[in-house]
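I opened this structure to look up a few side chains and what surrounds them. My notes follow in the order I made them.

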Amino acid sequence: LGDLPEAQRLPVFQDARFTVELMQLMNVKMANFSAWNVSNLFWAWAKMGYVDLPQDLFNKMKDAAFSRMAEFKAQELKNVMWAFATMLHNPGADFLKASNEVAIAKANDFKPQELSNYFW
């Protein structure tokens with residue numbers, strides 16, 4: 001779904017009101033998300049084909065990921081980095097540096113597919 005036009009996304013997300021309300025709910029609750037929750041949030045939006053998330057929501061997601069960076073397991077870190085690439089967003093130099101430091105520290109925990117997705 002990553003590059004599907006809006007008309008081909010999952011039917012529930014074609015309802016603009018539902019999508020807006022979901023984004024607002026996530027915006028409020030994100031402060032309480034675990035590292036796993038943040039990773040899954042990135043993965044889900046990317047998998048559904050959203051490259052046009054509102055900038056304020058995307059920044060809040062990025063900040064949540066950055067603050068939990070050291071908590072990410074290899075798969076979770078891979079999901080976040082894969083989502084950035086899929087959603088066509090550059091997370092910035094500070095985020096990439098922190099992510100790479102965590103990836104190096106957890107290098108032995110990456111499965112081959114996770115490692116390739118991390119660098120994708």
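I started with the side chain of Arg 68, which has a polar atom 3.5 Å from the backbone oxygen of Met 30. The backbone oxygen of Phe 33 is also reached by the side chain of Arg 68, at 2.7 Å. I note that the model is predicted. I placed Arg 68 in the loop between H3 and H4.

Which side chain of opposite charge is nearest to Arg 68? I found Glu 71, at 5.2 Å. Arg 68 is buried and has no salt bridge; the cut-off for one is 4 Å. Leaving out residues up to four places away in sequence, I listed what Arg 68 touches: Met 30, Ala 31, Asn 32, Phe 33, Ser 34, Ala 35 and Val 38.

I looked up the largest nonpolar core and found 34 residues in it. Phe 72 is among those with the most contacts inside this core, along with Phe 42, Trp 45, Leu 53, Met 61, Leu 77 and Met 87. Which elements give two or more residues to the core? They are helix H1 (16–29), helix H2 (35–47), H3, H4 and H5. H4 gives the largest share, seven residues. As a general note, nonpolar side chains in soluble globular proteins tend to be buried together.

I counted rings as paired when their centres lie within 6.5 Å. By this rule there are seven aromatic pairs. I took Phe 66 and Phe 95 as one of them: the ring centres are 6.1 Å apart and the planes stand at 40°, so the pair is tilted. Phe 66 lies in helix H3 (residues 55–67) and Phe 95 in helix H5 (residues 93–105), so this pair ties together parts 29 residues apart in sequence.

Phe 84 lies in helix H4 (residues 74–86) and Phe 95 in H5, so the parts tied together are 11 residues apart in sequence. Both Phe 84 and Phe 95 are buried.

Key: Residues are numbered from 1 along each chain as its sequence is written. This is a predicted model: local features need pLDDT of at least 70, side-chain atom pairs count only at pLDDT 80 or more; totals for chains, interfaces and linings use all residues. Side-chain values use heavy atoms; hydrogens and water are left out. Rings of Phe, Tyr and Trp (its six-membered ring) pair if their centres lie within 6.5 Å; planes under 30 degrees apart count as stacked, over 60 as edge-to-face and the rest as tilted. Helices (H or I, at least four residues) and strands (E, at least two) are DSSP runs, numbered from the N terminus. Buried means under 20% relative accessible area, exposed over 50%, partly exposed in between (1.4 Å probe, protein chains only). A nonpolar core is a set of buried Ala, Val, Leu, Ile, Met, Phe, Trp, Tyr and Cys residues joined through side-chain atoms within 4.5 Å. Lys and Arg count as positive and Asp and Glu as negative; His and the chain ends are not counted. A polar contact is a pair of N or O atoms within 3.5 Å; within protein, one must be able to donate a hydrogen and the other to accept it, and residues adjacent in sequence count only if both atoms are side-chain atoms. Contact means heavy atoms within 4.5 Å.
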